[in-house]
Amino acid sequence: MCGITGWIDWEKDLTRFSSVLVDMTETMALRGPDAAGTWITRHCALGHRRLSVIDPANGAQPMTRTKGDASFTIVYNGEIYNAIELRRELQQRGFKFSTSCDTEVLLASFMEWGRSCLDRLNGIFAFAIWNDEEESLFLARDRLGVKPLFYAERDGMFLFGSEPKAILAHPNFPAEIDREGMAEIFIIGPARTPGHGVYRNMRELKPGHYMIVDRNGVSTPSAYWKLESRPHEDDVETTVQRIRELLIDTVERQLISDVPICTLLSGGLDSSALTAIAANYYKQTGQGAIDTFSVDYVDNDKHFKANVFQPNSDAPWIERMVEFLGTNHHIAKFDTPELFQSLVTAMRARDLPGMTDVDSSLYLFCREIKKKATVALSGEAADEIFGGYPWFHREEALRADTFPWSLSAGIRIDLLSKETADWLRPREYLDQRYQQALEEVPRLSGETGTARRMREMSYLNITRFMPTLLDRKDRMSMAVGLEVRVPYCDHRLVEYVWNIPWEIKTAGDREKGILRKALRGILPDEVLTRKKSPYPKTHNPNYLAATRAWVQDILNDSSSPVLQFLDVDRLRRLASPEAATMDLPWFGQLMSGPQLFAYIGQIDVWLREYNVSIR
């Protein structure tokens, strides 16, 4: 895993601006703490920060190879899990390799097959390749968008980077936000509309897309992959076997590493499945016990209260899985002060306000893991793909004409000042984005009723909610130089499960029922039947007190930039110690009252630190 950046300019001699390229590259030093590299010609400049995972001694980037009279230079962030097979095929076609890293395999694949190499890749990636003969830059992103890639056009130049901060480091690209960007922050956030970079003139290359930059201009991004709806012809037992095979193959592929690797273990179905498959593979290959990590919070056992979103605590389930598998387990435990203090660090990692303590706790967790491992496997995305979230199973969410994780959007819309609401038209914006998503759904001919609605719900979750969590996982882990892999995002698994009818997905009348069936014999029965519980969060009332005090400080500071957008009187009442605690989530499952205060705090710091101009 790494950080990449670059700059194309047909009017300037970029060799005179090498210091700018270095500055852009250095913004991603945390993503790639092991090495740095830059490559610059008259009209193309590429930068790279490296986190060494495969072939640490080689594989430095930017990497250049030649074919005939043309040379190709790549900067790449990700992992190609079928690199061994691709290398073998390319060798049969006459290619010789000087490293064992997947970077060289990816570059050779592009040189051999061009754009169609994307159809052959199994992995997570964002990369850019410069063809000096054609004077063209090819950029692409993996199918599910696990690895990020942003780009910008301004004043005749083209910029790109793994994170917005790389682009913002260019002296001619100021941090500006227009109406649409502010609507993303206040209405859609901490999610983002696909392709939206939030900052003015900045875009995100959508998952499963590629684009080309040459002297003819910047091409419109093109899709090389998308979900396709077709009848599912396998019976239940065949479906169970296929899911099991795909999951085992995926996990075993993603255990390849030349540095220490581990799994994240919550004791829930998704992470326990990955850990069990990994532990079994380790035993079969004589690698001993695998390391596992879990997270908890000081005094959570005293303050935990079960609810529909978090029905039980993880601790006893983790103990059961550790005992069952014999892993080397490590528990990272955090207290409220460090959780609160890391809120700004988490915002800086995203370059935007985010999921507040859901982000900062993951940042702290990853920081602890990094002390013992460089690569981790995580159960992210199983709920989106298999339909595990509560909103897949609750009538109010299924009938709502909006994103199911934003049913209580009115809570924060009501906090906007009249002037801001008139400017942003929040409900209109939210409705437009929801309708836009529905129009994209690949329909199956003849599908009606529940089947049609559940396909919509699956699409909304895979293309709108899942990217938020993948962004979170990427930024918080890479902010400490930890690579996190997400096996449930294997495109083969996603493609297959996408077309499984809802009545089979919920086999046994259970959420993710088909996955539970596929894991029989791999997990203990009690874990197989455990009710879903999301990523743990703190229940300590001290966290609410800390975020409330933060908002009160903002309210008492007339220079606070966020206040111009808010109904100050309403916010003051909400943040008063006498106000009732708001337990209803306004985004996802975990973001309620304390997180609303923290989100406002993050917006305020972001506006200040990034010197954001409103256009």
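1. Strands here are DSSP runs of E with at least two residues, helices are DSSP runs of H or I with at least four residues, and both are numbered from the N terminus. Asp 69 sits in the loop between strand S4 (63-67) and strand S5 (70-80).

2. A word on the source. This is a predicted model, where local features need pLDDT of at least 70 and side-chain atom pairs count only at pLDDT 80 or more, while totals for chains, interfaces and linings use all residues. Residues are numbered from 1 along each chain as its sequence is written, and side-chain values use heavy atoms, with hydrogens and water left out.

3. Asp 69 has a relative accessible area of 73%, so it counts as exposed (exposed means over 50% relative accessible area, buried under 20%, partly exposed in between, with a 1.4 Å probe and protein chains only). Asp 69 also belongs to a negative surface patch, together with Asp 132, Glu 133 and Glu 134. Patch residues have over 30% relative accessible area and no salt bridge, and like charges are joined within 9 Å. Asp and Glu count as negative.

4. Strand S9 (residues 157-161) is mostly covered, with five of its five residues buried. In a regular strand the side chains alternate between the two faces of the sheet. On one side of S9, Met 157, Leu 159 and Gly 161 are buried; on the other, Phe 158 and Phe 160 are buried too.

5. Which strands pair with S9 in the antiparallel sense? Strand S1 (residues 2-9) does, over five bridges, and strand S8 (residues 150-154) does, also over five bridges. Two strands pair if DSSP finds at least two bridges between them. Asp 9 has Met 157 of S9 as its bridge partner. Phe 150 has Gly 161 of S9. S8 and S9 make a hairpin with two residues between them, and Asp 155 in the turn has a positive phi of about 50 degrees.

6. Strand S16 (residues 291-297) is largely enclosed by the rest of the structure, because five of its seven residues are buried. Strand S15 (residues 261-264) runs parallel to S16, and three bridges join them. Leu 264 stands opposite Phe 293 in S16.

7. Next, the charged pairs. Side chains of opposite charge can pair when their charged atoms come close. The structure holds 55 salt bridges (a side-chain nitrogen of Lys or Arg within 4 Å of a carboxyl oxygen of Asp or Glu). One of them joins Glu 104 and Arg 65, at 3.1 Å from N to O. Glu 104 is in helix H3 (residues 102-113) and Arg 65 in strand S4, so this pair links distant parts of the chain, 39 residues apart. Both Glu 104 and Arg 65 are buried.

8. Glu 176 and Arg 615 meet in a salt bridge at 2.8 Å, N to O. Glu 176 lies in strand S10 (residues 176-177) and Arg 615 in the segment after strand S20 (613-614); the two are 439 residues apart. Glu 176 counts as buried because its relative accessibility is 7%.

9. The closest N and O atoms of Glu 180 and Arg 433 are 3.3 Å apart. Glu 180 is partly exposed, at 32% relative accessibility. Arg 433 is buried, at 14%.

How values were computed
Patch = residues over 30% accessible without salt bridge, like charges linked within 9 Å, V, L, I, M, F, W, Y side chains within 5 Å. Areas by Shrake-Rupley, 256 points an atom, 1.4 Å probe, with all protein chains shown as cover. Charge placed at Lys NZ, Arg CZ, Asp CG, Glu CD.
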